[in-house]
Amino acid sequence: MSETKSQAPKKLFIKTYGCQMNVYDSERMAESLEGYVPTDTAEDADMILLNTCHIREKAAEKVYSELGRLKPLKALNPDLKIGVTGCVAQAEGEEIIRRQPAVDLVVGPQSYHRLPQMEARVRTGKTALDTDFPEEDKFNHLKGRGQKARRAPAAFLTVQEGCDKFCAFCVVPYTRGAEVSRPAEQVVREAQELVERGVREVTLLGQNVNAYHGGKTLAELIRMLAKVDGLERIRYTTSHPNDMDDDLIAAHADTPELMPYLHLPVQSGSDRILKRMNRKHTAESYLRLIEKIRSVRPDIMMSGDFIVGFPEETEADFQATMDLVEEVNYGYAYSFKYSTRPGTPAAERPQVDPAEADERLQRLQALISRQQYAIQESMVGRELSVLIERAGRQDGQMLGKSEYLHSVHIDNATAQIGDVVRVRCTRAMTNSLTAVEV
Ligand code: 5AD
Ligand code: SF4
C-alpha cells in the first residue's frame, strides 16, 4: 500500500438490515470507530459491517450470500476488513467465520462497545469474535453523542433492549436476551447531547419500550425528556398492549411534546390464535385499550403489526383479524406472513399452507392500504405541524414529518431544517401529503 493511502482516513461502510434499533446501533458503531469516515459504497470501504436482523426466515442465508458477494473486494483492497454485527451475529457466532473465512469480525448487539479493540485486533491480521451478554453496560463504554457534526433533526434513541414476553413465533427473546433498561439520567444526557447536535425529535426505542424500567417508568422518562430545552418532539416504539399503563396513557393527554402516534402491535384479531401466540391479551382487551387511549387523545394515529398464516390459523381466525382492523382504523400497519423460526414454540405446530397464507396477506394488505389512504385524504384542508427534516428536490420545497408521522412536502417553504411549522394540507398522495405554510 502506498504511504498516502495509509495516512488517509479509512472508509467505513455499514449496511443495516431490520428494525430501527439496528439503525441506532449502526450510528453508534460508526461514531465509536475513530479514524474512519463513512462511505455509501462497499467498493470504496476499508471496513464493511453488515448489521443484521434475524426476525424472519432465511436471514442467515441472506447474510452468507451477501458475504459471498463482498469477498472478492478483498482481492482489490488488501486493507479491507469485513464484520458481521447484530442479531445474526448473535445467533450464528463462530459459525459465520467458519462458513465464510473472509469475515474478520463478529460482534453481537450487546458487546459492540468493544468494537474499537476488535478493530485494532483485526488490523493485525487476526479475527475477533464477541457474542457475550457482558456484565458491563455498553452505553457506559461508548463515547457521548456530542462531539460530531450537526445531524438530522429526528433521531432514534434506544432506551430498552430485549424481551421477556416470549411470543410463540418470535426469536427476539433468544437473540436480544432479557429486558434491560438504560438508567433515565443516562437517556436524558444522551438526549441533551443530541439536541446540541441539532436534534429536535427523538424516538425512544425498545423491543418492548413501554416495559421500560430504568429507575423511572416510560411515562416518567417522557416527562423528564419533555423538559429538555430544544427537544420539541418525543415518540416511542414498539409497545406491547399489556404494558400500556394508565400513566403512559395520561402522558398522551398531558405532555404536548409526546406526539399523537402509537405503534401498538396486536398480531391477530382471533383469541384462539392470540392464545397460541402466547400474547396474554384478547382482541377485546386490545380494542378496549385503544378506546381508552382515544378517550384522552381522540386524534391519536394508530399503527400496528400483524402476522398472517400463523400455525393453525383458519379462515375464520383470519376474518377476525380483518374485523379488528376494520374496527381500529389504522393510519399505518405492517403485516407479515408467518415465518417459521427454529427453536420457537410455534415452529412445532401444524403450519398453514403457504399459498393460503399469501392470499390472506394480500387481502389484509389491501384493507390496510385502503384505510391508510382514507386517513391521509381526511388530512386535506387540515392544519398540521411539521418538523422540517431536509430540502426537497425542487426549489423552495422542504420535506418533513407531521405530528402523525406523515411525510409532508411543503412547497414555497420559508422554514429551515430543524423548524417546526404550521401548515395546511393541500393534497394526499399514496405515501405522503403536500402542504403550504399557514
Ligand atoms: N414471522 C412473521 N413475522 C414476525 N414478526 C416477529 N416474528 C415473526 C415471525 N416469526 C413480526 C411481528 C413483530 C414484528 C417486529 O415482526 O409482527 O411485531
Ligand atoms: Fe417478539 Fe413478542 Fe417480544 Fe415483540 S413482545 S419482541 S413480538 S416476543
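How much area is buried between domain 2 and domain 4, and what share of it do carbon and sulfur atoms give? About 720 Å² is buried between these two domains, with carbon and sulfur atoms giving 59%; buried area is the accessible area (1.4 Å probe) that two parts lose on being put together, summed over both. This is a predicted model, in which local features need pLDDT of at least 70 and side-chain atom pairs count only at pLDDT 80 or more, while totals for chains, interfaces and linings use all residues. Residues are numbered from 1 along each chain as its sequence is written, and side-chain values use heavy atoms, with hydrogens and water left out.

The chain is assigned domain 1 (10-130), domain 2 (144-259), domain 3 (263-378) and domain 4 (383-437), the bounds coming from an automatic or database domain assignment. Taken over C-alpha atoms, the centres of domain 2 and domain 4 are separated by 25 Å. Their contact (heavy atoms within 4.5 Å) takes eight residues from domain 2 and 12 residues from domain 4.

On the side of domain 2, Pro153, Arg233 and Arg235 lose the most area to domain 4, together 63% of what that side buries. Between the two domains there are zero salt bridges, a salt bridge being a side-chain nitrogen of Lys or Arg within 4 Å of a carboxyl oxygen of Asp or Glu.

Ligand 2 is the remaining topic. The residues around ligand 2 (a heavy atom within 4 Å) include Cys163, Cys167, Cys170, His240 and Arg279.

Key:
Chains are lettered from A and ligands numbered from 1 in the order in which they are written.
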